[in-house]
Amino acid sequence: MKVVGLTGGIGSGKTTVARFFSELDVPVYIADLEARKLTNRSRYIRKKLIALLGEQAYKDDEINRKYVADKIFNDSKLLDQVNRIIHPRVGQHFKRWVRKQSGPYCIKEAAILFENGGYKECDYTILVTAPKKDRIARLLKRDNNTEAEILARMANQWEDTKKLSLSDYHLENTDLEATKDKVKSLHHLILKAIREA
């Protein structure tokens with residue numbers, strides 16, 4: 001089974017794009033969601049995160065997302081250390097998940113696919129982009145964050161121009177219906193590429 005990496009900056013709409021692929025019966029793995037589950041149930045991750053960030057990293061037996069985000073998104077060294085604890089475990093979980101799937105390809109949706117080198121393990125990659133002002137507006141509506149907090153998170157991700165040079169496919173996500181049509185077209189392009197490979 002081929003692996004198609006799907007990424008995009010925070011607020012670009014990559015999870016919506018992933019859902020559209022899922023509606024086409026493509027197996028979809030949402031790395032951030034699985035990472036969240038693993039941080040809650042893995043004793044290894046819990047122990048490492050508490051050692052690194054303190055007891056407040058967990059609250060009511062779950063990762064204290066607000067506390068952790070406030071700590072790591074203003075400290076790139078700390079963010080890198082947290083990623084080095086969590087991402088290898090997510091990678092192992094993904095490999096086990098792939099073995100249980102069927103079909104010509106699956107989607108691995110990951111926020112920092114290029115930043116952490118995960119794209120090297122993908123057969124193809126899709127970059128989802130949207131204008132920065134749209135991304136900020138979406139995030140202000142979706143999350144309980146200030147614009148300053150959103151901009152701090154954006155600063156920890158590569159610029160789209162840098163990611164574009166590594167992407168096989170690019171999908172601009174500004175209009176929902178148009179995006180849905182673009183996903184259908186992309187699905188056929190990927191199937192064709194797999195057949196011809």
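The accessible surface of the protein chain comes to about 11000 Å², and 49% of that area belongs to carbon and sulfur atoms. Accessible areas are taken from the Shrake-Rupley method with a 1.4 Å probe, and for residues only the protein chains shown count as cover. The model is predicted: local features need pLDDT of at least 70 and side-chain atom pairs count only at pLDDT 80 or more, while totals for chains, interfaces and linings use all residues. Residues are numbered from 1 along each chain as its sequence is written, and side-chain values use heavy atoms, with hydrogens and water left out.

The secondary structure consists of nine helices and seven strands, where helices (H or I, at least four residues) and strands (E, at least two) are DSSP runs numbered from the N terminus. The radius of gyration of the protein chain is 17 Å, close to the 16 Å that the globule rule gives for 197 residues, so the chain is as compact as a globular protein of that length. That radius is taken over C-alpha atoms, and the globule rule is 2.2 Å times the number of residues to the power 0.38. Along the principal axes, the C-alpha atoms fill a box of roughly 50 × 40 × 30 Å.

Of the 197 residues, 46% count as buried; buried means under 20% relative accessible area, exposed over 50%, and partly exposed in between (1.4 Å probe, protein chains only). Among contacts with a separation of 6 or more, 73% come from residues 24 or more positions apart, a contact being heavy atoms within 4.5 Å.

Helix H4 (residues 65-72) gives a local view of burial: Tyr-67, Val-68, Ala-69 and Ile-72 are buried there. The cover over these residues includes H3, E4, H5 and helix H7 (147-155). Another buried residue is Asn-145, with a relative accessible area of 16%. Asn-145 lies in the loop between helix H6 (132-142) and H7. Leaving aside neighbours within four places in sequence, Asn-145 is in contact with Leu-140, Ile-150 and Arg-153.

The charged side chains come next. There are 37 positive and 27 negative side chains, and the centres of the two sets lie 5 Å apart. Lys and Arg count as positive and Asp and Glu as negative, without His and the chain ends; each charge is placed at NZ of Lys, CZ of Arg, CG of Asp or CD of Glu. Side chains of opposite charge can pair when their charged atoms come close. A search of the whole structure finds 11 salt bridges, each a side-chain nitrogen of Lys or Arg within 4 Å of a carboxyl oxygen of Asp or Glu.

One of them joins Glu-23 and Lys-180, with the closest N and O atoms 3.6 Å apart. Glu-23 lies in the loop between helix H1 (14-22) and strand E2 (28-30) and Lys-180 in helix H9 (residues 176-196), so the pair ties together parts that are 157 residues apart in sequence. Glu-23 is partly exposed at 45% relative accessibility, and Lys-180 is partly exposed at 27%. Arg-19 joins Glu-23 and Lys-180 in a network of salt bridges.

A salt bridge also connects Asp-61 and Arg-46, at 3.2 Å from N to O. Asp-61 sits in the loop between strand E3 (58-59) and strand E4 (62-63), and Arg-46 in helix H3 (residues 43-53), 15 residues apart. Asp-61 is exposed at 58% relative accessibility.

Within helix H5 (residues 76-99), Asp-80 and Arg-84 lie four residues apart, about one turn of the helix. Their salt bridge has its closest N and O atoms 2.8 Å apart. Asp-80 is partly exposed at 37% relative accessibility, whereas Arg-84 is exposed at 55%.
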